[in-house]
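Colleague: I have a new model open and would like to learn how to read it. Could you walk me through a few features?

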Amino acid sequence: MSATGTSPASRSRARTAVLTAALTLATALAGTAPAAARATPAHQDGTARCAGHGVDRDALIRYESDTVIRASLRTVWKLQTDVERWPAWQPPVTSAERLDAGRLREGSRFHWTTPAPATPTTPATTLAITSTVRALRPHDCVLWSGPAIGEGLRIDRGVHLWTFREVPGGVRVHTEETWTGPQVEADVPTATAALGAGLEAWLRDLRTTAEARERPVTVSVSR
C-alpha cells in the first residue's frame, strides 16, 4: 500500500476510468458515431506518406481510419478533389471555395467552413479553414494543411492526409489527421474525439456518395 492508502494498481485503474469517462463525454458532445471509437488505425507506425510528406509525428492530437468503398478509383478521387462541391455531399461542410483555378494540385489553396460543437472548454462555433495542398499524386494521395479559426476556438495547424488504393471490388481509402495548438492541446481527449467524429463522418459520406453514383439503375419497362 502507498502512503495515501491506495495501491499502484488501484491508481492505474482510476486513471483509466477517468480517461474513459472523458472520452465518452467528449464523444457524446462531438456527435461521434460508435464506429469512430472502434476504428483500427491502418498505419500505426506512422508510415503513410504522400510524395514523402505525412502528418505531424509530434502532434498530441491525432486520429486515423480507413474504409473500403465499392466504387471506381476515378469516382472516389473526383469526389474528394472537387473541393467546391464538398457541401453537396458532406453536410458538415457548410461552404467551400477554391482560391485558385484549375485541377487541385500541389500549392492549391481553398477556404472552407464547418461547425464545431460546444465542449466543456470551448463554445459552439463555425471554423473557417484555409488549407494549402502540400503534396498530391493523382489517383493516389493528397495532403493539405492549414489553420482552423472560429470564435472562441483555434487550431493552429491541422495536417490531413488521404491515400487511395485499388483493392478487389473497390478502393481502400485511408485518412489521418493531426492537430496542434495550445488551446486544443489543453484537452487532448476531447479534441481527439472531435477530430475522430469529423473523419469518420467524412469517410461515411464519401463512401455513401461514391457508391450511390455507381449503383446500377434498374429500369422497368411497361408492357
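**Reading a buried residue and its strands**

Modeller: Gladly. Isoleucine 155 counts as buried because its relative accessibility is 4%, and the cut-off for buried is under 20%. Keep in mind that this is a predicted model.

Colleague: Where is the place of isoleucine 155, and with which residues is it in contact, leaving aside neighbours within four places in sequence?

Modeller: Isoleucine 155 belongs to strand E6, residues 153–167. Beyond those sequence neighbours, its contacts are Leu127, Pro147, Ala148, Trp179, Thr180 and Val184. As for distance, isoleucine 129 is 26 residues away in sequence, with 9.3 Å between the C-alpha atoms.

Colleague: How many bridges join strand E5 to E6, and how many join E6 to strand E7?

Modeller: Strand E5 (residues 141–150) runs antiparallel to E6, with nine bridges; there, leucine 143 stands opposite leucine 161. E6 and E7 (residues 170–180) are also antiparallel, joined by eleven bridges, and threonine 163 has histidine 174 as its bridge partner in E7.

Colleague: And the turns?

Modeller: E5 and E6 form a hairpin with two residues between them, where glycine 152 has a positive phi of about 85°. The hairpin of E6 and E7 has two residues between the strands, and glycine 169 takes a positive phi near 90°.

Colleague: Which helix gives the most to the lining of the second largest pocket?

Modeller: That is helix H3 (residues 73–81), with four residues. The pocket holds about 410 Å³ of space. Of its 14 lining residues, Trp77, Lys78, Thr81, Arg103 and Leu104 are the closest to the centre. By class, the lining has six charged, five nonpolar and three polar residues.

Methods: Residues are numbered from 1 along each chain as its sequence is written. This is a predicted model: local features need pLDDT of at least 70, side-chain atom pairs count only at pLDDT 80 or more; totals for chains, interfaces and linings use all residues. Side-chain values use heavy atoms; hydrogens and water are left out. On a 1 Å grid over the protein atoms alone, a cavity is a set of points where a 1.4 Å probe fits but cannot get out, and a pocket is an open set with protein on both sides within 12 Å along at least five of seven lines; lining residues have an atom within 4 Å of a point. Grid points are joined across faces, edges and corners, and a volume is the space filled by probe spheres set on the points. Ala, Val, Leu, Ile, Met, Phe, Trp, Tyr, Cys and Pro count as nonpolar, Asp, Glu, Lys and Arg as charged, and the others, Gly among them, as polar. Buried means under 20% relative accessible area, exposed over 50%, partly exposed in between (1.4 Å probe, protein chains only). Contact means heavy atoms within 4.5 Å. Two strands pair if DSSP finds at least two bridges between them.
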